[in-house]
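Please keep the sequence and the 3D view open while reading.

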Number of protein chains: 2
Amino acid sequence: MTMAGYTNFHADKISSFIEQLFLKIGCNPIDAANIAKVLVTAELRGIPSHGLMRVTDYIALWKAGRLNSKPDVRIIHETPSTAVIDGNQCAGMIAGLKAMGTAMQKAKAVGTGWVSVQNSNHFGIAGYYAMMALKEDMIGICMTNANPLVAPTFSVDRLLGTNPIAVAVPAGTEPPFVADFATTPIARGKLDLMHKKGLKAPFGFVQDKTGKPSDNPNILTDGGAILPLGGDREHGSHKGYCLGAIVDIFSAALSGAGFGPFVPPSVAYLPLIKDAPGLGTGHFFGAMRIDAFRPAIEFKATMDQWIQTFRKAKPAEGYEKVLIPGDIERELEEKYAVEGIPVLNSIWEKVNECGKEFDIILEVEKV
Amino acid sequence: MTMAGYTNFHADKISSFIEQLFLKIGCNPIDAANIAKVLVTAELRGIPSHGLMRVTDYIALWKAGRLNSKPDVRIIHETPSTAVIDGNQCAGMIAGLKAMGTAMQKAKAVGTGWVSVQNSNHFGIAGYYAMMALKEDMIGICMTNANPLVAPTFSVDRLLGTNPIAVAVPAGTEPPFVADFATTPIARGKLDLMHKKGLKAPFGFVQDKTGKPSDNPNILTDGGAILPLGGDREHGSHKGYCLGAIVDIFSAALSGAGFGPFVPPSVAYLPLIKDAPGLGTGHFFGAMRIDAFRPAIEFKATMDQWIQTFRKAKPAEGYEKVLIPGDIERELEEKYAVEGIPVLNSIWEKVNECGKEFDIILEVEKV
């Protein structure tokens, strides 16, 4: 069923469109296919803010000379269980795939692998990389810093990104546990949506330029900031601030990427900061081989028991069931694979405008 | 200066009292000294809920045969970068110190070390173990599961503990970054304090037995539950639920400890669950050698810059300054080392009651 204002597209159709676009800007076929795969996976999992609509930002960054379509992504330092990768200003997916692959190789050899990345760009959804570990019976971990929108507790300055954390854990007969969440109560994209719809934001999402609570979803354009997870100090925003800071330190201080306020914007219309310390956006990846701790079959039986225990928990009044992290995204992925991916018509028009410059069109078809 | 209702004690005095007590129940001198060290460090850092008052719980668990004062704490599985440790029902500090030491040894050898622990008990403050890594120019990570008080989002069942996460990061001229926080808006101890003072709890801390928001700090005694960090679904409690779940999985599913609702109570007056899967309380430890990623001197210069950038952020109206994780605890540690540790008189009386059984008294002295 297609929702009003949306058109449904087959995943393959969107993937092919994105792939062609990145080929046109000079990516090699493998990189172009990988970039498309990560963006389409976000669409399939119901996270369109990290999907098709992002291509216009990547193309604009490439035009501005801030994204390298022919990067030399390479390991610049390593030990048996660690590595640092220089992304060479790549689209973040290229560094992300190499980094997670490296972490998994190291986990095969010595039990775990941990890779920090410098000089990268936005890499799509963190969950994609964490989930790569599942097929090898490993736990996958992924985090990234992002351009600064979040004020630390007690401050008005925007010093942290929404810095997400993703953790994927294999199970046996149950589907895997897949957590992928920003370390803020809300993502930037959802604030924009509220503003467009003329809605107020619930208190606890943002503050104004003086640090007072605000319900204006557009307050970021007037010096406001997103709050860390927890909202205010009383409700533990200092814990959200800690989480965002840890993601930033692992992603940037370990790799030499830009940290905190020095993470480059992921959109070309915001200028780069002059003389910023560090190189580009930073990410952090981890892989832990299950059988480096315990036979995988035993662990997976425990995870099945864990998932079943939580799934059968008594729901609160007015709620139907308790969810396991990853449930919603997995169910959408199954649905959209059959019904097609709903794309907002305004986004479809915008990406086609971008595509037309390169003689590529995302055509409507009967899904 | 001594606050009304409190008596100040030298750290050494408290430490000696605790040490003697654990010697009396059969601990060897090294274990007794280590247990005292971890508990007194909590007092010094202003976290009395994890300090002296805990000794009565440990002694009661020992009396009930649920804490082994002569444990054989040993590695039961390992790879170059990982290990699983069986705590043999020890006081958690004994397993914690061995596990963090093992993680650091492995980090020396292959860059990082990761250790999951089964069959342990409450280990005090997570930050203690994370901070052990600092002197070796490593990042220290520590987490633990805990007895179930927290309901996952949409549920009324208490399936998770307040499951804390601690991360300690070395800096250069600046003091280290030390985050140590529960994955809930509030700790159990603070709710008890509010109840004793006849105060209401702010909404967002707890829910009643039907899952409705509650401001009753004593609601846990009537089927209520603590909420995950974020408070409600709208403000991201599903993210706090994810965090608590990740801590539980790393601590228990990787080690074979009791998970979620099957974590044994850390107090003897609550019975053990019959036929619970898994063994005891679980913990998880990590150590990452800085120079496995980047020369330590470069990293520390970046951390100094990070800390200075955040410290000089503009405060929100009504606030004096932005804090770096660890600031408050470090300042208290300096103050209490000089002025003595303030101990609530009722706690002092309670631990002396326990001590008297073993002919040990914590005497008042002029600090």
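In this predicted model, strand β11 of chain B, which spans residues 281-289, is largely enclosed by the rest of the structure, because nine of its nine residues are buried. In a regular strand the side chains alternate between the two faces of the sheet. In β11(B), Thr281(B), His283(B), Phe285(B), Ala287(B) and Arg289(B) point one way, while Gly282(B), Phe284(B), Gly286(B) and Met288(B) point the other way, and all of these residues are buried.

Which strands pair with β11(B)? Strand β4 of chain B, residues 112-120, pairs with β11(B) in the antiparallel sense over seven bridges, and Gly286(B) is the bridge partner of Trp114(B) in β11(B). Strand β5 of chain B, residues 138-144, also runs antiparallel to β11(B) and is joined to it by seven bridges, with Thr144(B) standing opposite His283(B).

We now turn to chain A as a whole. Chain A has ten helices and twelve strands, and its C-alpha atoms fill a box of roughly 50 × 50 × 50 Å along the principal axes. A compact globule of 367 residues would have a radius of gyration near 21 Å, so the 20 Å of chain A agrees with that expectation. Buried residues make up 58% of the 367 residues in chain A, and among contacts with a separation of 6 or more, 63% are between residues 24 or more positions apart.

Chain A is divided into domain 1, made of 1-67 + 330-367, and domain 2, made of 71-185 + 227-311, and the centres of these two domains, taken over C-alpha atoms, are separated by 23 Å. In chain A, 18 residues of domain 1 are in contact with 14 residues of domain 2. On the side of domain 1 that touches domain 2, α2(A) and α3(A) each supply at least two residues, and the largest share, seven residues, comes from α2(A).

The contact between the chains takes 68 residues from chain A and 67 residues from chain B. Several elements of chain A each supply at least two residues of the side that touches chain B, including β4(A), α7(A) and α8(A), and the largest share, seven residues, comes from α8(A).

Conventions
Residues are numbered from 1 along each chain as its sequence is written. Chains are lettered from A and ligands numbered from 1 in the order in which they are written. This is a predicted model: local features need pLDDT of at least 70, side-chain atom pairs count only at pLDDT 80 or more; totals for chains, interfaces and linings use all residues. A residue is buried if 20 or more other C-beta atoms lie within 10 Å of its own, exposed if 12 or fewer, and partly exposed in between; C-beta atoms are placed from the backbone. Helices (H or I, at least four residues) and strands (E, at least two) are DSSP runs, numbered from the N terminus. Two strands pair if DSSP finds at least two bridges between them. The radius of gyration is taken over C-alpha atoms; the globule rule is 2.2 Å times the number of residues to the power 0.38. Two residues are in contact if their C-beta atoms, placed from the backbone, lie within 7 Å. Domain bounds come from an automatic or database domain assignment.
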